[in-house]
Structure formats: structure tokens, C-alpha cells
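Please read this report beside the sequence and the model. Where does the chain bury its residues, and what covers them?

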Amino acid sequence: MTVNLTKGQAISLQKNDGGSLSAVRMGLGWQAAPRRGLFGTRTREIDLDASAVLFADKQPVDVVFFQHLASDDGSVRHTGDNLVGGAGQGGDDESILVDLQRVPVHIDQIVFTVNSFTGQTFQEVQNAFCRLVDETNGQELARYTLAGGGNYTAQIMAKVHRVNGAWTMTALGVPANGRTFQDLIPVILPHL
């Protein structure tokens, strides 16, 4: 059963049977919003990029994104860059896989961000979502839908963090501006 998250809402990543999830996939999907022009409606390709920033004690220590597809320890992997989107409410356009059992103990938070590398704002994006899937069985656990576009080029979507030794996901939904994850670090820090 999927939990539709609202901004700031957290869910435990413990299984119903009391066990812990071992591997999750953070999926990102989006579509370019149609725009009215002089000669009718048209869409422009939008290149959104998913990134995962790994933190230890509120310090960024590693990142996974389209130019660095795996964390140094191999516990977090990006499946590859999608330059146009298009899945919208269907499948994922970009995915980041997290092997929770292999994440080093000193990593206490993994923050997932989305940014428009080409600089288009989220006013030009529709049906954007971030979802968490149990990678062992494909079951969608949680979904955060980006409602309403805005005049910003990035979004701090969600974080997976340890709470008393167990993993929890929190939907953040914080708008920001920046073309890369590096631009977003100052915006992320207050949410750790």
C-alpha cells in the first residue's frame, strides 16, 4: 500500500512484519508542461536530474548524480541520466538505488534532490513525483507528488535518515534554485 506523503510528513521504513527494508529505489518522474504559443500548444524537453547527497553528522561526504553514478562505498547507485523525462505519473525517468544494509554506519542521512540542469523552472514541468519503492519486491511504499509548478529550478524532494537505528523517509518538498546539487547544499543544511 502506497502512502501519499505531504510536505514534512515522515514514514518509517520498517516492514509490517517488524523487519527492515534492505534495498529501496528512489524514483523520479516528470513531464514537460505544454505551453501555448502563437501556432498552438507545444512542449519543450526538460532535463531534470536526480541526485542523492550522503551526509554524516550534517556534513556532505559523498554524492550520487549523473556524473558520479555510484557512491564511493557502492551502497548508492544512480541508474543513468534521462535528458527529456516523460514518464509523468507512470514509471520512473531516473532512479537511485540504495542498499540500506550496505550504507556505512557514519552516513546518517541521504537527501534526494531534483534540479533543472538546463535552467527551466518548475512552471514548465507537470506530473513530477518522487517515490520510494521496496527494491526486493517492487512495491511502492511512498510517493511525494510535486503539486503546482513554481518559479524555481530545483527541489529538495525527500530524505532517508536514521532514527534510533532504523531508517525513516521524510518528504521535504523545499523549492530552491540551482542547476546542480552543489548549488543546493546551503538549502539542504537547515533540513538535516
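What follows covers confidence, strands, helix, cores and a few single residues.

**Basis and confidence**

This is a predicted model, in which local features need pLDDT of at least 70 and side-chain atom pairs count only at pLDDT 80 or more, while totals for chains, interfaces and linings use all residues. Residues are numbered from 1 along each chain as its sequence is written, and side-chain values use heavy atoms, with hydrogens and water left out.

The pLDDT is the predictor's confidence in each residue, from 0 to 100. Its average over the protein is 81, and 78% of the residues score at least 70. Confidence is highest in β7, at 97, and lowest in strand β5 (residues 40–42), at a mean of 53.

**Overall make-up**

The protein has one helix and 14 strands. These elements are DSSP runs numbered from the N terminus: helices are H or I with at least four residues, strands are E with at least two. Of the 192 residues, 52% count as buried. Buried means under 20% relative accessible area, exposed over 50%, and partly exposed in between, with a 1.4 Å probe and protein chains only. Contact means heavy atoms within 4.5 Å. Among contacts between residues at least 6 apart in sequence, 68% join residues at least 24 apart.

**Strand β3 and its partners**

Strand β3 spans residues 23–32, and nine of its ten residues are buried, so the rest of the structure largely encloses it. Two strands pair if DSSP finds at least two bridges between them. β3 runs antiparallel to strand β9 (residues 94–99), with six bridges between them. Here Val24 has Val98 as its bridge partner. β3 also runs antiparallel to strand β11 (residues 125–134), through eight bridges. On that side, Gly27 stands opposite Arg131.

Ser95 lies in strand β9. It is buried, with a relative accessible area of 8%. Leaving aside neighbours within four places in sequence, Ser95 is in contact with Arg25, Met26, Gly27, Arg77, His78 and Thr79.

**Cores**

A nonpolar core is a set of buried Ala, Val, Leu, Ile, Met, Phe, Trp, Tyr and Cys residues joined through side-chain atoms within 4.5 Å. The largest has 37 residues, and Val76, Val98, Ile110 and Phe112 touch the most other members. β3, β6, β9, β10, β11, β12 (139–145), β13 and β14 each give two or more residues to this core. The largest share, five residues, comes from β3. Another core, of 15 residues, lies apart from it and includes Val63, Phe65, Ile156 and Leu192.

What does Ile110 touch, not counting residues up to four places away in sequence? Ile110 touches Ala52, Val53, Leu54, Val76, Val98, Val103, Ala158, Lys159, Val160 and Trp167.

**The helix**

Helix α1 covers residues 181–188, and its buried residues are Phe181, Leu184, Ile185 and Ile188. They cover an arc of only 130° around the axis, which puts them on the same side of α1. The arc is that of the directions from the helix axis to the C-beta atoms. An α-helix has 3.6 residues a turn, so residues three or four places apart point the same way. The cover over the buried residues of α1 includes β6 (48–56), β7 (59–64), β10 (109–116), β13 (154–163) and β14 (166–176).

**A buried histidine**

His161 lies in strand β13. It counts as buried, at 12% relative accessibility. Its side chain makes a polar contact with the side chain of Thr170 (2.8 Å). A polar contact is a pair of N or O atoms within 3.5 Å; within protein, one must be able to donate a hydrogen and the other to accept it, and residues adjacent in sequence count only if both atoms are side-chain atoms. Not counting residues up to four places away in sequence, His161 touches Asp108, Gln109, Ala166, Trp167, Thr168 and Thr170.

**Loop residues**

Most residues other than glycine have a negative phi.

Gln67 is in the loop between β7 and β8 (76–78). Gln67 is exposed, with a relative accessible area of 62%. Gln67 and Ser51 are 16 residues apart in sequence, and their C-alpha atoms are 9.9 Å apart in space.
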